[in-house]
Amino acid sequence: MKADKKTALVVGANGIIGTNLINYLEELGTWDIIGLSRRGDKHQENPIYSC
């Protein structure tokens, strides 16, 4: 059975907890990740982040 990708919305993506959560979800490989941050686009070159 093929695993479907899930979508995670991480609010505070540039913070300590948000960054660690995104790194963890990336390692799992089964998540599409949308990151939100009020501090700007620190990871703009990385397509998993949206601003």
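Colleague: Is T19 buried or exposed?

Modeller: T19 is buried, at a relative accessible area of 18%. Buried stands for under 20% relative accessible area, exposed for over 50%, and partly exposed for what lies in between, with a 1.4 Å probe and protein chains only. The model is predicted, so local features need pLDDT of at least 70 and side-chain atom pairs count only at pLDDT 80 or more, while totals for chains, interfaces and linings use all residues. Residues are numbered from 1 along each chain as its sequence is written, and side-chain values use heavy atoms, leaving out hydrogens and water.

Colleague: Where does T19 lie?

Modeller: T19 lies in helix 1. Helices (H or I, at least four residues) and strands (E, at least two) are DSSP runs, numbered from the N terminus.

Colleague: And what does T19 touch?

Modeller: Leaving aside residues up to four places away in sequence, T19 touches A13 and N14; contact here means heavy atoms within 4.5 Å. The T19 side chain also reaches the backbone oxygen of A13, at 3.1 Å.

Colleague: Which side chain does N14 meet in a polar contact?

Modeller: The side chain of N14 makes a polar contact with the side chain of S37, at 3.2 Å. A polar contact is a pair of N or O atoms within 3.5 Å; within protein, one must be able to donate a hydrogen and the other to accept it, and residues adjacent in sequence count only if both atoms are side-chain atoms. N14 lies in the loop between strand 1 and helix 1, and N14 is buried, with a relative accessible area of 10%.

Colleague: Stepping back, in what order do the elements of the chain run?

Modeller: From the N terminus on, the order is β-α-β, which comes to one helix and two strands. The chain has 51 residues, of which 25% count as buried.

Colleague: Which residues make up the largest nonpolar core?

Modeller: That core has six residues: A8, V10, A13, I22, L25 and I33. Strand 1 (6-11) and helix 1 (16-28) are the elements that give two or more residues to this core. A nonpolar core is a set of buried Ala, Val, Leu, Ile, Met, Phe, Trp, Tyr and Cys residues joined through side-chain atoms within 4.5 Å. In soluble globular proteins, nonpolar side chains tend to be buried together.

Colleague: What does L25 touch?

Modeller: Not counting residues up to four places away in sequence, L25 touches A8, W31 and I33. I33 has its place in strand 2 and is buried, with a relative accessible area of 9%.

Colleague: How many residues apart along the chain are I33 and L9?

Modeller: I33 and L9 are 24 residues apart along the chain, and their C-alpha atoms are separated by 6.1 Å. G35 and V11 are likewise 24 residues apart in sequence, with 6.1 Å from C-alpha to C-alpha. G35 is also in strand 2 and counts as buried, at 4% relative accessibility.

Colleague: Is V11 buried or exposed?

Modeller: V11, in strand 1, is exposed, with a relative accessible area of 66%. V11 belongs to a nonpolar patch on the surface, formed with L9, I34 and L36, and together these residues have about 350 Å² of accessible area. Strand 1 and strand 2 are the elements that give two or more residues to the patch. Patches are made of residues with over 30% relative accessible area and no salt bridge; like charges are joined within 9 Å, nonpolar side chains (Val, Leu, Ile, Met, Phe, Trp, Tyr) within 5 Å. Accessible areas come from the Shrake-Rupley method with a 1.4 Å probe, and for residues only the protein chains shown count as cover.

Colleague: Turning to charges, how many salt bridges does a search of the whole structure find?

Modeller: The search finds one salt bridge, a term for a side-chain nitrogen of Lys or Arg within 4 Å of a carboxyl oxygen of Asp or Glu. K5 forms a salt bridge with D32, and the closest N and O atoms are 3.8 Å apart. The pair links distant parts of the chain, 27 residues apart: K5 is in the segment before strand 1, and D32 is in strand 2 (residues 31-36). D32 counts as partly exposed, at 39% relative accessibility.

Colleague: And where is D4 found?

Modeller: D4 is found in the segment before strand 1 and is exposed, with a relative accessible area of 62%. The C-alpha atoms of D4 and W31 are separated by 8.8 Å.
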